Amino acid sequence: MWWRDAVVYQIYPRSFQDSDGDGIGDLRGITQRLDHLVYLGVDALWLSPIYPSPLADFGYDVSDYTGIDPQFGTLGDFDELVAAAHERGLRVLLDLVPCHTSIEHPWFREHPDRYIWSPVDGPPNNWRAAFGGGAWSRDEVSGRWYLHTFYPEQPDLDWRNPEVVAAMQDVVRFWLSHGVDGFRLDAVNVIVKDAELRDDPPATGGFPLPLVGESAELDHVYSGNRPEAIDALRAIREAAGDAFLVGEVYLPTSEYPRYLEVLDLVFAFELLFSPWEEPRLRAAIEPALELGRVAWVLSNHDFPRLASRLGPEHMRDAATLLLTLPGTAFVYQGDELGMIDGPGADPPFDRAGRDAFRHPMQWDASPTGGFTTGTPWLPLVDPELRSVEAQRGCPDSILEHYRRLIADRPRMRRGLNLGARW
Ligand code: NOJ
């Protein structure tokens, strides 16, 4: 299993490398920069969504599961990227978004029964959306109310409908036929909802991960986190065969075992959110370590960047921890340079405030950082202070720190002799 001790590099395609001067990163740009990943020594890359999308949630609102958004290129560009990655020994993971589509996906009009609708004229329960507000909205066309766990532009699919299951299995097979090595599965703990649409009870406290707004006031035992989620995941596994599947399961570590019946790994979110204090870190790590199959991750496109969240003083230790824990580790693009949060955009692109964590990659010290020859969709943060070009070959740089840690992993693993589980 290639992923056992792998380091996976998360690419946020919009912000990695622009190849055509429109200020937006694209697939050809990624292909041009693959040698950075080889230099770093990672084993695989995960692409955040590249499918056609109206961008209400920057690609996590998919309007065609088997297409490539023209801003990113073509299917031909994708095939070239996969071939170029494989030539370099890099595996390729796609982001599969099975829980919801874009409201502009043709299914929403052509197959409304693939979505979850209120049986009454209004919200049938107290469910809250993850980014704030109620989880039910009125469809202006039909007048009926539909469920959306995230933005209103992201109606939830009904995984109790066999058509949804079959359609998503086809999607999985389609991308496998284009050579992908696995998938990061988005938001899979909310893939199935209570069949009776019962109210979520008030929160009892103690949920260890941050929740937004009123969503934090409820215990999400009916709006998601159903045992039936595993059946949906089994269907995905059936189509995926032995391709690598890592799940975004936004739950405490104690809830992971049933997901691991089907998935290879789940992200260890309690570590991501742990304050940088030894007892708290230990409390987050030990139970996950016990499970033997988590993906270690300290940052991604949804949360403040590592260097901003922990402070520059802990940035190196954070990398050391991430890359010395036994098992698979995920590195978010730019963390290897110590990139910090940027100003975002005004007005914001992302209503949930996540622009700041998604500024373009800093390849060189020029004002556009080598990212684009045009005007970047988000400004560069500080290429004059940190860039790949400036840090490459500089022994004290954070980039070389990451590189040494990754290079040392096979030796560390032999030294630790962790046995079969890890
Ligand atoms: C998790 C993704 O990482 C995030 O960016 C997205 O907004 C939600 N899932 C909804 O798809």
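**Pockets, rings and strands**

Trainee: Which residues lie nearest the centre of the largest pocket, and how many residues line it?

Mentor: A130, F150, P210, L211 and Y250 lie nearest the centre, out of 46 lining residues. Keep in mind that this is a predicted model.

Trainee: How much space lies in the largest pocket?

Mentor: About 1,000 Å³. Its lining divides into 24 nonpolar, 12 polar and 10 charged residues.

Trainee: Why is the pair of F267 and F330 called edge-to-face?

Mentor: Take the distance first. The ring centres are 4.8 Å apart, and the limit for a pair is 6.5 Å, so the two rings pair. Now the angle. The planes stand at 80°, and over 60 degrees counts as edge-to-face, so the name follows.

Trainee: What makes it a link between distant parts of the chain?

Mentor: F267 sits in strand β8 (residues 265–267) and F330 in strand β10 (residues 328–332), 63 residues apart. F267 and F330 are both buried. A search of the whole structure finds 26 aromatic pairs.

Trainee: Which strand joins β8, and how many bridges are there?

Mentor: Strand β9, by 2 bridges, and the strands run parallel. F267 stands opposite A295 in β9.

Trainee: How do you know that β9 pairs with β10 as well?

Mentor: There are 3 bridges between β9 and β10, and these strands also run parallel. At least two are needed, so this pairing qualifies too. W296 has A329 in β10 as its bridge partner.

Trainee: What makes you say that both faces of β9 are covered?

Mentor: In a regular strand, side chains alternate between the two faces of the sheet. In β9 (residues 294–297), V294 and W296 lie on one side, A295 and V297 on the other. These four residues are all buried.

Trainee: Why is the charged end of R144 said to sit over the ring of W117?

Mentor: CZ of Arg must be within 6 Å of the ring centre and within 35 degrees of the ring normal. The charged end of R144 sits over the W117 ring, 4.2 Å from its centre. R403 does the like over Y39, at 3.8 Å.

Trainee: Which residues are closest to the centre of the second largest pocket, and what is its volume?

Mentor: The volume is about 280 Å³. D5, A6, I406, R409 and P410 are the closest, out of 21 lining residues. Two or more lining residues come from each of α11 (312–324) and α13 (398–416). The largest share, 8 residues, comes from α13. By class there are 13 nonpolar, 3 polar and 5 charged.

Trainee: What makes a space a cavity rather than a pocket?

Mentor: The probe fits in a cavity but cannot get out, whereas a pocket is open. The structure holds 1 cavity of 30 Å³ or more. The largest cavity has a volume of about 70 Å³. Its lining consists of Y12, P13, R14, S48, P49, L55, F58, G59 and F72. These divide into 6 nonpolar, 2 polar and 1 charged.

Trainee: Why is G179 called partly exposed?

Mentor: Its relative accessible area is 24%. Buried needs under 20% and exposed over 50%, so 24% falls in between. G179 lies in the loop between α5 (162–177) and β6 (182–185). G179 and D79 are 100 residues apart in sequence, yet 7.8 Å apart in space, C-alpha to C-alpha.

Trainee: Are A187 and L197 buried or exposed?

Mentor: Both fall under the 20% cut-off. A187 is at 4% relative accessibility, so it counts as buried. L197 is at 14%, so it counts as buried.

Trainee: How do you know that the bond joining D346 and P347 is cis?

Mentor: Omega is about 0° for that peptide bond. P347 has its place in the loop between β10 and α12 (388–391).

Definitions and conventions
Residues are numbered from 1 along each chain as its sequence is written. Side-chain values use heavy atoms; hydrogens and water are left out. Rings of Phe, Tyr and Trp (its six-membered ring) pair if their centres lie within 6.5 Å; planes under 30 degrees apart count as stacked, over 60 as edge-to-face and the rest as tilted. Buried means under 20% relative accessible area, exposed over 50%, partly exposed in between (1.4 Å probe, protein chains only). On a 1 Å grid over the protein atoms alone, a cavity is a set of points where a 1.4 Å probe fits but cannot get out, and a pocket is an open set with protein on both sides within 12 Å along at least five of seven lines; lining residues have an atom within 4 Å of a point. Grid points are joined across faces, edges and corners, and a volume is the space filled by probe spheres set on the points. Ala, Val, Leu, Ile, Met, Phe, Trp, Tyr, Cys and Pro count as nonpolar, Asp, Glu, Lys and Arg as charged, and the others, Gly among them, as polar.
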